[in-house]
Amino acid sequence: MRQRASTLLGISLLLAAAGAAAADKVKPIERYNAFGVSQQRGKTSTIQIAIERWSTPEERQMLVDTLRQKGPQTLADALAKMPRVGWIRLPNTKAQDLRYAWQTPLPDGGRRVVIALDRIANYAELTTAARTQYYEFSVAEIRFDKDGKGEGKLSPLARVDVDKETNQIEVEDYSSQPVRLTKVQAVKP
């Protein structure tokens with residue numbers, strides 16, 4: 001009897017733990033598959049992106065204000081503290097957390113999606129103090145037409161600024177040889 005009670009208790013605890021773990025996994029509200037073409041290396045691959053939630057207007061404005069008033073290094077620190085809004089996965093890598101996801105409508109009936117995440121420097125950059133260590137962000141911009149077909153750019157080494165006309169964070173330059181995103185398709189989450 002005692003053994004049966006402890007077995008039932010153990011099963012109950014396992015089920016409760018499994019339920020809590022399942023609740024921690026957030027289902028994406030949007031997912032995209034893209035075909036990436038590295039302009040620098042001449043390689044192609046598939047890229048997966050999942051949006052779990054859109055950044056709030058308050059989060060967006062805080063990032064814009066931080067960039068304007070305190071510069072990109074402080075923005076990098078603020079972005080690192082932002083809650084996860086989704087993930088991006090390149091081939092043969094673990095998914096990396098997105099810290100920013102924003103969409104805006106386009107005049108032609110399409111939309112523009114911008115995502116950002118912390119940029120992780122590789123060992124060679126850290127040991128040689130190469131110029132790329134000063135690029136603080138990885139940013140992707142995808143433009144979908146009114147039919148939902150998308151294309152864009154993924155810049156793993158991006159410098160950002162605020163566009164004075166649109167009040168939006170934009171990539172300052174794409175001199176770091178971005179990855180072209182083609183055939184971006186929404187997939188059911």
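**View A. R89 over the ring of W87 in the predicted model.** The charged end of R89 lies 4.7 Å from the centre of the W87 ring and sits over that ring (NZ of Lys or CZ of Arg within 6 Å of the ring centre and within 35 degrees of the ring normal). This is a predicted model: local features need pLDDT of at least 70, side-chain atom pairs count only at pLDDT 80 or more, and totals for chains, interfaces and linings use all residues. Residues are numbered from 1 along each chain as its sequence is written, and side-chain values use heavy atoms, with hydrogens and water left out.

**View B. The aromatic pair Y32 and F144.** One aromatic pair turns up in a search of the whole structure (ring centres of Phe, Tyr or Trp, its six-membered ring, within 6.5 Å). The ring centres of Y32 and F144 are 5.3 Å apart and the planes meet at 40°, so the pair is tilted (stacked is under 30 degrees, edge-to-face over 60, tilted the rest). The pair links distant parts of the chain: Y32 belongs to strand 1 (residues 30–38) and F144 to strand 7, 112 residues apart (strands are DSSP E runs of at least two residues, numbered from the N terminus). Both Y32 and F144 are buried (under 20% relative accessible area, 1.4 Å probe, protein chains only).

**View C. R111 over F144.** R111 lies over the face of the F144 ring, 4.9 Å from the ring centre.

Technical notes
Helices (H or I, at least four residues) and strands (E, at least two) are DSSP runs, numbered from the N terminus. Buried means under 20% relative accessible area, exposed over 50%, partly exposed in between (1.4 Å probe, protein chains only).
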